[in-house]
2 protein chains.
Amino acid sequence: MKRKFLGIDIGGTNIRAKVISGEGTTLGERKTRSDARMGISRLMENLAGLIEGFAGEGVSAIGIGIPGIVDRASGTLVQAPNIANTRNFPFTEALSEKIGAATPVFIENDASCAALGEYRAGAGRGSNSMIMITLGTGFGGGIILDGRLWTGESGFAGELGHMTINPLGPPCAGGGRGCIETYVSQVAIKRIVREHPELREKLADAEDEALPERLAELAREKDQAAISVWNDFGTNLGVGISILVNILDVKTVVVGGGLSGAWELFIGKALEEAETRCLGGAKRGLQVKRAALGDDAGALGACYVAESGLGGRP
Amino acid sequence: MKRKFLGIDIGGTNIRAKVISGEGTTLGERKTRSDARMGISRLMENLAGLIEGFAGEGVSAIGIGIPGIVDRASGTLVQAPNIANTRNFPFTEALSEKIGAATPVFIENDASCAALGEYRAGAGRGSNSMIMITLGTGFGGGIILDGRLWTGESGFAGELGHMTINPLGPPCAGGGRGCIETYVSQVAIKRIVREHPELREKLADAEDEALPERLAELAREKDQAAISVWNDFGTNLGVGISILVNILDVKTVVVGGGLSGAWELFIGKALEEAETRCLGGAKRGLQVKRAALGDDAGALGACYVAESGLGGRP
């Protein structure tokens, strides 16, 4: 019997699911609300309901990408700032009990799933090693070295947003100052606009979520202040790329996340800055690519987590 | 027959060699001049002479740490800024011909060898993954992930000195500005002293090489300006450690190199800064240790390169 894998991506708003064949073809997709902020029990209910919808598919394993720190071996969700009441929650055990099926469940961090998705089926396809940068509310990421996710000694690797790029810069939620996340993220855009009298006025009616897109529109209408914000955004992104490339000598950097919608407004400056700061050998052959899978990357990556959980390709 | 490995560390001034048994016991040591700046032919002569001295040992393989970029598979020295006339030099082939022996020769970058030495027999002993920071003329390093050297996709990984920590900082030889090497290295100490009227005068008679040690003496004599330079040195080192730990989640960081002689003058500030900037999960269990092997790390690491070249422990 041919194997099928179910991959699930838990977001703050939605849960997205995908079933793929062992050859990687998408056989089905579903989406439901996550209600993650309402707590873990509600989330588990929604998750079980979603999985039930695939009951007829006969999947071999389930992979789940969760916005938090996971202990892969024990299936524990160690912590998840955006899901209420979760500290050391026995995720796979609780879910298996709830769905009452023997299908093996494997969990992974959501950013790592997105990185895996892009690596195997998106912009990173064909590469050996890859760094994924996700520009969303924060500055997230995932690192794939020689075909394997590098998750670190305690599962926390890939916190790319907390590279300091200016020790005296703005304070960061992580405790530091001048982390790249304080310059290159939705949170950063919000701060920069707020501190800019002219832009603050022009964008006074924009909701936080819509702010980057509105700022991008302004820049496309040739507003000089908006263009300058995106230029700086690109320059700082380029600094971050150079730090990663000089440390790891990885030739494929994929940039995704909601803010990558403003791609043409920042990528030129980012490449220019990376070119200046990367050492000769490390930058030879370097490719900085736009993520190709959008919101699909996480669920697809979760399918691969299921596959590798069963001993398939890592 | 029990196996023995010869490890050789090529420095700017000296070549150091060590023979170890398969169990890791040191069986012999030798040192000679490298004359690296006089060019590759002279260096090969010196190297062959040194190896000849071990002819009676019957070593199974030779490992060589070279200050440059190496292509391990082909045994080519791709580039070495401090050895004249070397670009794509067929190192292992030329050396084998010169010594006229069938003993296999393996090459590695010198900083990587030092990292391997500390990892297996020094301050990193017993760790799973380790980051080595070498504070010498520049800010060098090596990365060991899950027991293996991570050398990158083109052999350039571990260029830790070129993490930007201040985009508008002093210009760096690598092309960037404000790389950590411009704040935390012998080159940096030289610049800082030169820009400081009071210290410049106090240390006017110190040679470049001796400057860090002289500055350390001043600080130990409670000179406030000197203390303040070492405090900043430590703070900037802590920023660098936090960048590496947040990206890679590695729990063992080993700091060595000549400037680590001023350990007690900078390590307090370094730990304080790293503590502030590392994320909670990544810093749990983090250990920042002083390198234990001094100048022996490179030759010992080169012995391990020889061992792993023959298919032994990586």
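**Helix crossing and chain pairing**

Reader: Which hand does the crossing of H7(A) and H8(A) have?

Author: The crossing of H7(A) and H8(A) is right-handed, a crossing being right-handed if the near helix is turned clockwise from the far one by less than a right angle, and left-handed if anticlockwise. This is a predicted model, in which local features need pLDDT of at least 70, side-chain atom pairs count only at pLDDT 80 or more, and totals for chains, interfaces and linings use all residues. Residues are numbered from 1 along each chain as its sequence is written, while chains are lettered from A and ligands numbered from 1 in the order in which they are written.

Reader: And at what angle do the axes of H7 and H8 of chain A cross?

Author: The axes of helix H7 (residues 224-248) and helix H8 (residues 263-277) of chain A cross at roughly 40° and come within 7 Å, which makes H7(A) oblique to H8(A) (under 35 degrees is roughly parallel, over 145 roughly antiparallel, 65 to 115 roughly perpendicular, and the rest oblique).

Reader: Switching topic, how many residues of chain B are in contact with chain A?

Author: 37 residues of chain B are in contact with 37 residues of chain A, where contact means that C-beta atoms, placed from the backbone, lie within 7 Å. The largest share of chain B's side, six residues, comes from H7(B).

Definitions and conventions. Axes are lines fitted to C-alpha atoms, for helices over the stretch in contact, and angles run from 0 to 180 degrees between N-to-C directions. Helices (H or I, at least four residues) and strands (E, at least two) are DSSP runs, numbered from the N terminus. Two residues are in contact if their C-beta atoms, placed from the backbone, lie within 7 Å.
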